[in-house]
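Okay everyone, thanks for coming.

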Amino acid sequence: MVQILDLSAATQADLGSVAAIAKSAGVDFDDCYQCGKCSAGCPMAHEMDFLPRQVIRLLQLGQYQEALGAHTPWVCANCMVCSARCPQGVDIAAIMLSLRRAAKRAGLRPEKETDIFDDIFVGNIRRFGKSNEAVLAGMFNLKSGHLMQDVLNAPKMAVRGMIGPKLHSVHDKDAVRQLVDKCLAAEKAKGQAAQSGGEVSPS
Ligand code: SF4
Ligand code: SF4
């Protein structure tokens, strides 16, 4: 259900965090004139607590904590429809990603299963250099507790070669692993800086 916006006063710290989100996403929130085109085309809008344009409005008003705790960035499928439709060239999908990373560093996981999926997906890429559907689905079912989820789809996936006894990997797995490790280390450093009160960029 879409919520009513909370317009309480923004703190200086909130304004600083909003500026960091804008920098990380490469956007200027003032470019948004609230036309709603992004929200009208969003395939996940029905699952969101704030519509994409409302998330931007929160940030325009300095309501950082509201935006950080929103479910919307975790429901976002990052399909980029909103970014493609925006007449002002605002990259809404990038804002969603930046907010999600910042929320995770702050210890917030509004959608726990999305976070579980993210971690398994990244681990999968780190290990094989590409996603293996059987590993992804199996580990997600175990960690989320949905043990039988999508099990009936397994035979069809096997027929189409999407799953099978052989795990797929890229030729140069080490190069991919190094790249993933570099990103994970950067995220960890930002999380530690956030805990110690240092300046943190949400990228
Ligand atoms: S489409 Fe662009 S200008 Fe319109 S509400 Fe969304 S972000 Fe703002
Ligand atoms: S990128 Fe996210 S917010 Fe934008 S249209 Fe897709 S699901 Fe909606």
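First, some housekeeping. This is a predicted model, where local features need pLDDT of at least 70 and side-chain atom pairs count only at pLDDT 80 or more, while totals for chains, interfaces and linings use all residues. Residues are numbered from 1 along each chain as its sequence is written, and chains are lettered from A and ligands numbered from 1 in the order in which they are written.

So, the layout. The chain has eleven helices and zero strands. Helices here are DSSP runs of H or I with at least four residues, strands are E runs of at least two, and both are numbered from the N terminus. Of the 203 residues in the chain, 23% are buried. Buried means 20 or more other C-beta atoms within 10 Å of the residue's own, exposed means 12 or fewer, and partly exposed is in between, with C-beta atoms placed from the backbone. Take the contacts with a separation of 6 or more: 68% of them join residues 24 or more positions apart. A contact means two C-beta atoms, placed from the backbone, within 7 Å.

Now the core. The largest nonpolar core has 28 residues, and among those with the most contacts inside it are Val55, Ala67 and Leu99. Such a core is a set of buried Ala, Val, Leu, Ile, Met, Phe, Trp, Tyr and Cys residues joined through C-beta atoms within 7 Å. Which helix gives the largest share of this core? That's H7, with seven residues.

Let's zoom in on Val55, in helix H3, residues 52-60. Why does Val55 count as buried? Because there are 25 C-beta neighbours inside 10 Å. Leaving aside neighbours within four places in sequence, Val55 is in contact with Phe50, Ala67, Ala70, Thr72 and Ile95. Val55 and Ala67 are twelve residues apart in sequence, and their C-alpha atoms are 6.0 Å apart.

On to the ligands. Ligand 1 is surrounded by 14 residues, the closest being Cys32, Cys35, Cys38, Arg53 and Cys86. To be near a ligand, a residue needs its C-beta atom, placed from the backbone, within 6 Å of it. That shell has eight nonpolar, three polar and three charged residues. For these classes, Ala, Val, Leu, Ile, Met, Phe, Trp, Tyr, Cys and Pro are nonpolar, Asp, Glu, Lys and Arg are charged, and the others, Gly among them, are polar.

Ligand 2 also has 14 residues around it, and the closest are Cys42, Cys76, Cys79, Cys82 and Ala93. Its shell divides into 13 nonpolar, one polar and no charged. H7 turns up again here, giving the largest share of this shell, three residues.

Next, a helix pair. H8 (residues 112-128) and H9 (residues 133-144) pack at about 145°, with axes 10 Å apart. Axes are lines fitted to C-alpha atoms over the stretch in contact, and angles run from 0 to 180 degrees between N-to-C directions. By class, the H8 and H9 contact has eight nonpolar, two polar and two charged residues.

Met80, not a glycine, has a positive phi of about 75°. Met80 is partly exposed, because 13 other C-beta atoms lie within 10 Å. Asp150 has a positive phi too, near 65°, and lies in the loop between H9 and helix H10 (154-159).
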